[in-house]
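Keep the structure open as you read.

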Amino acid sequence: MTILVYAESWDGKFKKSSFEAVDYAAKLAKQMGAETTALTISAKEDVSQLGKYGAQSVRTINNQALETFNNQSYADAIIAVANKINADTVIISNTSNGKAIAPLIAAKRKAALITNVIELPESVSPFTIVRKTFSSKAIARYQTLSDKKVISITANSFEYNEREQLATSEAFDYVPEDAVQKLTSISINKATGKIGLTEADLVVSAGRGLKGPENWTMVEELAEVLGAATACSKPVSDIGWRPHSEHVGQTGIAINPQLYIAIGISGAIQHLAGVNASKNIVVINTDPDAPFFKAADYGIVGDAFEVLPKLISAIKSYKAVI
Amino acid sequence: MKILVCISHVPDTTSKIVFKNDLTEFDASGVTFVMNPYDEFGLTKAMHIKESLGGTITVANVGLAVTESTLRKALAIGADDAVRINAEPTDASYVAGLLAEYAGTQNFDLIITGRESIDYNGGAVPGMIAAHLNIPFVNACIGFDLNAEQATMIREIDGGKETLQGKLPLLIAGQKGLVEEKDLRIPAMRGIMMARKKPLTVLEASDREKHTNVLDYQLPEEKGACTLIDADDVEQLVQLLHSEAKVI
Ligand SMILES: Cc1cc2nc3c(=O)[nH]c(=O)nc-3n(C[C@H](O)[C@H](O)[C@H](O)COP(=O)(O)OP(=O)(O)OC[C@H]3O[C@@H](n4cnc5c(N)ncnc54)[C@H](O)[C@@H]3O)c2cc1C
Ligand SMILES: Nc1ncnc2c1ncn2[C@@H]1O[C@H](COP(=O)(O)O)[C@@H](O)[C@H]1O
């Protein structure tokens, strides 16, 4: 038995979420008594390194037509490999691209799709696994009713281990079909040099309490000294103080970093829905009754305009010592 | 233009999430159900397209009779007709199969869904419908423009955006950005009156396979008490983040 894990790459480089997915696949394979094969499409890095995260072998697809991501042809390619190596289980990370291919693979293979997975299965026969649901306000235990399955893993929910092992690699000849009508990618606009929000370990977020966009300099500085990504509450992106891509919450991006620092955010239920899976929450707010304190691990009742400069310099001096 | 908007009927964002029957079932008592917020963006987008190019908007839902209030609201906002496929929407592949089966008989030019339902957060149904119908699928769509048969779409990607082009028919799974929040349509009195006369067809669900089954639910562990730190002693926070939380 073999488990196939798609190790996504961006501009040819693997994402951290891909290592998490490979490690998840390897641990699942152990539970199922199976082997782990990773698949890379247009990866430009050394693929044998996926062995470190538990892949025994890697199939690589390199084809001019798959240089840029296309959800239909990528899904078809993954299906072709899964069929070839007889993999019932396909593991994908739920990045923006992963979300665009997982349901295609599931429907075409008549497989069960389980998204937002945060743990290894409770049992592999019958296959029972928990996933986040109701905007992280609940956890649901699912059973799959078909042998074929696609499991989509929430980024940042697993700590991956590194092993002293390299994977063997083998090219997989795959030529995408032209029959179906496809989309053409015209351009990609990516904020470069910034830390991606969904994958970030540390996130600094601010809300309407910051009063105006000009005050984000200190939020960005705090993020920079920590090596964190920046986020914001919905009204802040609605008014245009920050880009929509930073809006976290029930109707924005859902995140689960190691650390979430919320500054001048009240902690409305819809905001919490997108961030309550964070492992550690720090709240800085002038109002001791702000609902966010109930969801926080650490809190400072205080004015962001006074606390942030102090916090930035305290972290700077801490970083200078280590 | 023949447009289909798929609409799910979900608990309001402020609902308290509680389960009953040994935690096997969501407790809907006292919960207000609304149109899935992502689908509201899709429906308003469909209205904009219809207003500029002409055409019809059908809204569809897989659900029991309780969801008709949401379909009526969609009719009041401006959809031309509604279809309810009578089944409990317990499994994404089942729901997608039913919607694709219906859509397959209707030759829609454009299918619009939301990016995910805010209750089960599957993010599964849209892509599955597209796969069944063998049409392109754009997830997290934040822009859609039509010029003759050529559609230009923008999708949100991790930390950025991608612009795509393709020909109809296709399926987009939308969210805020497809239209702006201030432009969202709400039912007006006239719309509500007119909605009463618009057709709401109930179709019986065909027998289809399900691939998943929910056994039960758990609520996440309660957070312990929050450690309060004096605003003048931020060094203590840094210390705790290092030694206790081990995040820096
Ligand atoms: C259907 C629906 C979906 C929604 N989805 C989302 C979502 O996805 N994400 C989201 O964030 N919201 C969402 N909302 C909005 C949500 O209900 C809240 O309105 C929003 O989160 C409030 O944002 P805020 O905390 O930045 O602003 P406010 O509620 O205005 O809070 C500002 C906070 O800053 C504090 N403050 C003021 N001055 C200072 C200072 N100098 N220093 C420190 N603190 C200060 C105040 O005490 C207050 O707690 C949604 C709402 C609805 C109805
Ligand atoms: N029962 C349903 N009836 C109609 N449309 C649905 C249903 N469930 C999901 N959808 C559509 O699929 C989108 C994503 O839902 P989901 O895959 O459940 O997260 C929703 O925003 C709807 O547009």
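**Rings and the interface**

Phe134(A), Phe19(B), Phe26(B), Tyr120(B) and Tyr217(B) form one aromatic cluster. The model is predicted. Over all chains, the structure holds 16 aromatic pairs.

**Aromatic pairs**

- Phe69(A) and Tyr74(A) make an edge-to-face pair, 4.9 Å centre to centre, with 65 degrees between the planes.
- Phe69(A) counts as buried because its relative accessibility is 15%, and buried means under 20%.
- Tyr74(A) has 4% relative accessibility, so Tyr74(A) counts as buried too.
- Phe19(B) and Phe26(B) also pair edge-to-face, at 6.1 Å centre to centre and 70 degrees between the planes.
- Phe19(B) and Phe26(B) are both buried.

**Charges over rings**

- Lys149(A) places its charged end over the ring of Phe127(A), 4.7 Å from the ring centre.
- In chain B, the charged end of Lys210(B) sits over the ring of Tyr94(B), 4.6 Å from its centre.

**Where chain A meets chain B**

- In chain A, 90 residues are in contact with 78 residues of chain B.
- About 6900 Å² is buried between the two chains, and carbon and sulfur atoms give 58% of that area.

- Six salt bridges cross the interface of chain A and chain B.
- Asp232(B) and Lys310(A) meet through their side chains in a salt bridge, 3.0 Å from N to O.
- Helix H3 (residues 96-109) of chain A gives the most to the side of chain A that touches chain B, with nine residues.

How values were computed. Residues numbered from 1 in each chain as written. Chains lettered and ligands numbered in written order. Predicted model: local features only at pLDDT ≥ 70, side-chain atom pairs only at ≥ 80, totals over all residues. Heavy atoms only, no water. Phe/Tyr/Trp six-rings, centres within 6.5 Å; stacked < 30°, edge-to-face > 60°. Buried < 20%, exposed > 50% of the residue type's maximum accessible area, 1.4 Å probe, protein only. Lys NZ or Arg CZ within 6 Å of the ring centre and 35° of its normal. Contact = heavy atoms within 4.5 Å. Buried area = accessible area lost by both parts, 1.4 Å probe. Salt bridge = Lys/Arg side-chain N within 4 Å of Asp/Glu carboxyl O. Helix = DSSP H or I, 4+ residues; strand = E, 2+ residues; numbered from the N terminus.
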